[in-house]
Amino acid sequence: MPRHPFDNSYLNDLEAEAIEVIREVAANYERPAMLYSVGKDSSVLLQLALKAFAPGKIPFPLIHVDTGFKFKEMYAFRDAMAKRIGAELIVHRNEPAIADGTNPFKLGTRACCALLKTEALLQVLKKYNVDAALGGARRDEERSRAKERIFSFRDRHGQWDPKNQRPELWNLYNTRVHEGENMRVFPLSNWTEYDVWHYIKREDLDIVPIYFAHERRVLDKGNSLIPLDEDDPRWNSSDAKNVQVRFRSLGCSPCTGAIRSNATTLDDIIAELFETKSSERATRVIDHDQDASMEMKKREGYF
């Protein structure tokens, strides 16, 4: 029987599958961790991990790869959330690259991401000998992510080969890795953006406030609204203006465009999403800085 479009009881099945995956990671690996990007998918993944081990605490650390360019609202939310749930939070930055003045304006987004995201991630996984890294990526986000298995193997260099993946038949996962290898694990693989927002509403989860519509100073490039900070030299540009916006996806501030929106509640966001025709990551500059951009980054070790 076709499901009513507003019947979200199927979320119970998605939740159960994700919790099973998280518990499988805790049971099979010696040094697992959860990559915590602070976005909406991370909020859902965190809630699932809390449920998986309740009433105990999450038995592995959260890792935040900090480029130094995240929205200030994300930093405040990250620290408050980790403190509230009593989680171990590891914040890692590629300090040598930051000391060299690495930024997207100087190097471009591709080179900047390679140093501040990919290299930083590989550094922290190696530093803590992480053998399984849980992440909130979903297959519906972007075409290279659609190729990922739920348990996605990485070699000794942290690199991914989409042509060399282990089959997952029924719900059988191959969790084995050799010393030095590791697994990226994606419990939300089968979720959609729509599922994520319904789950946030159902579970009454806290999210970074800039997901809701607010007035913000942006650089208006037509289809692209790039947020500006007060110390940005483009603040008084003729293209800069105050616009009512929100973010569908959160990343580094200089590389994450906003969308025009009046959605100030979860119901508003869900209704807006129901009508939208554009991709969730259409405003993320790093997804478009070269052909097959995300797949190239993932092959090199990016999340």
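## Contacts of Arg217

In this predicted model, Arg217 touches a set of residues beyond its neighbours within four places in sequence: Ile226, Pro227, Leu228, Trp235, Asn236, Ala240, Lys241 and Asn242.

Arg217 belongs to strand β7. Its relative accessible area is 18%, and because the cut-off for a buried residue is under 20%, Arg217 counts as buried. Along the chain, Ile207 is 10 residues away from Arg217, and the C-alpha atoms of the two are separated by 21 Å.

Strand β7, residues 214-220, pairs with strand β9, residues 240-246, through six bridges in the antiparallel sense. Within this pairing, Arg216 has Val243 of β9 as its bridge partner.

Strand β9 is also joined to strand β10, residues 259-260, by two bridges, and these strands likewise run antiparallel. Here Val245 stands opposite Arg260 of β10.

Trp170 is located in the loop that lies between β5 (151-154) and β6 (182-185).

The relative accessible area of Trp170 is 77%; since exposed means over 50%, this residue is classed as exposed. Arg217, by contrast, is classed as buried.

Key. Residues numbered from 1 in each chain as written. Predicted model: local features only at pLDDT ≥ 70, side-chain atom pairs only at ≥ 80, totals over all residues. Heavy atoms only, no water. Pairing = 2+ DSSP bridges. Helix = DSSP H or I, 4+ residues; strand = E, 2+ residues; numbered from the N terminus. Buried < 20%, exposed > 50% of the residue type's maximum accessible area, 1.4 Å probe, protein only. Contact = heavy atoms within 4.5 Å.
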